Amino acid sequence: MSGADERKVGSLRELSPAIEPARDLWPQIEARINAERSTAAPPRPARARAEPPRWLAAAAVVASVAVGVWIGRSLLPASRPGAQSPISASRASFADVPTALDVAYVSDPRYQRDRAALMKTLQARLAALPPPARAKVMASLAAIQGAKQDLQNALGKDPGNALLQELLVNTYQDEMRVLTDVQASDPGRGI
């Protein structure tokens with residue numbers, strides 16, 4: 001090639017398809033592949049590969065389900081005869097509307113005692129509040145009660161749902177915040 005024919009090529013499209021290679025490389029490539037195949041170990045049958053038996057996989061699934069059921073039963077306590085759950089106790093304090101919740105949740109006795117004490121003084125504290133603050137507190141308590149009812153109904157249908165359980169606990173905490181804010185409020189100024 002002359003110096004005029006030598007130029008930099010930026011892409012394969014710039015090459016001329018009419019130029020043939022000086023020699024054909026495919027026969028040498030084929031010979032190498034065939035030589036490697038003949039010296040390589042014979043392939044193992046498909047059955048001899050490291051594939052676990054199907055019964056082992058089925059046993060693992062059954063064991064996983066059994067462990068899940070065991071953990072679930074230990075996390076959700078069974079209802080005790082004569083014991084009233086905090087959910088049903090709180091339901092009775094605002095409205096006697098039955099929910100689909102059949103699971104008994106055991107809560108801290110201190111929570112039950114503190115809530116009962118706050119509920120006893122609630123009416124007197126509400127009466128001492130100015131009307132706008134009283135309306136605000138009543139609306140908050142009604143919204144919290146509605147949320148508790150909805151969550152209890154949903155938990156009755158899906159008692160193992162951790163998100164619903166967490167939301168119910170958060171709703172109980174919100175109720176306690178409102179009740180303690182009413183208790184701590186100055187009767188003349190409101191909340």
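Thr171 touches Ile144, Ala147, Lys148 and Leu151, leaving aside residues up to four places away in sequence. Thr171 belongs to helix 6, and its side chain reaches the backbone oxygen of Leu167 at 2.8 Å. With a relative accessible area of 8%, Thr171 is buried, because buried residues are those under 20%. The model described here is predicted.

The protein contains 6 helices and 0 strands, so that read from the N terminus the elements run α-α-α-α-α-α. Of its 191 residues, 20% count as buried. The accessible surface comes to about 14600 Å², and 60% of this surface belongs to carbon and sulfur atoms. Among contacts between residues at least 6 apart in sequence, 69% join residues at least 24 apart.

The largest nonpolar core has 18 residues, of which Leu122, Val137 and Leu141 touch the most other members. Helix 4 (109-128), helix 5 (131-157) and helix 6 (162-184) each supply at least two residues of this core. Helix 6 gives the largest share, 7 residues. Leu122 touches Leu141, Leu179 and Val182, again not counting residues up to four places away in sequence.

Charged side chains were examined next. The structure holds 3 salt bridges. In one of them, Arg115 pairs with Glu175, and the closest N and O atoms are 2.9 Å apart. Arg115 lies in helix 4 and Glu175 in helix 6, so this pair ties together parts that are 60 residues apart in sequence. Arg115 counts as buried at 8% relative accessibility, and Glu175 is buried with a relative accessible area of 1%. Glu175 also forms a salt bridge with Lys148, where the closest N and O atoms are 3.1 Å apart. This second pair links distant parts of the chain, with Lys148 in helix 5 and Glu175 in helix 6, 27 residues apart. Lys148 is buried, at a relative accessible area of 1%.

Another salt bridge joins the side chains of Asp174 and Arg177 at 2.4 Å, N to O. Both residues lie in helix 6, 3 residues apart, or about one turn of the helix. Asp174 counts as partly exposed at 33% relative accessibility, and Arg177 is partly exposed with a relative accessible area of 46%. Salt bridges that share partners join Arg115, Lys148 and Glu175 into one network. In general, side chains of opposite charge can pair when their charged atoms come close.

Lys148 was also placed relative to Val169. The C-alpha atoms of Val169 and Lys148 are separated by 9.3 Å, and the two residues are 21 residues apart along the chain. Val169 lies in helix 6 and counts as partly exposed, with 43% relative accessibility.

A nonpolar patch was found on the surface, formed by Leu25, Trp26, Ile29 and Ile33, which together have about 410 Å² of accessible area. Ile33 is located in helix 1 (residues 26-39). The relative accessible area of Ile33 is 39%, and the residue is therefore partly exposed.

Terms used
Residues numbered from 1 in each chain as written. Predicted model: local features only at pLDDT ≥ 70, side-chain atom pairs only at ≥ 80, totals over all residues. Heavy atoms only, no water. Patch = residues over 30% accessible without salt bridge, like charges linked within 9 Å, V, L, I, M, F, W, Y side chains within 5 Å. Areas by Shrake-Rupley, 256 points an atom, 1.4 Å probe, with all protein chains shown as cover. Salt bridge = Lys/Arg side-chain N within 4 Å of Asp/Glu carboxyl O. Helix = DSSP H or I, 4+ residues; strand = E, 2+ residues; numbered from the N terminus. Buried < 20%, exposed > 50% of the residue type's maximum accessible area, 1.4 Å probe, protein only. Core = buried A, V, L, I, M, F, W, Y, C linked by side-chain atoms within 4.5 Å. Contact = heavy atoms within 4.5 Å. Polar contact = N/O pair within 3.5 Å; in protein donor to acceptor, adjacent residues only side chain to side chain.
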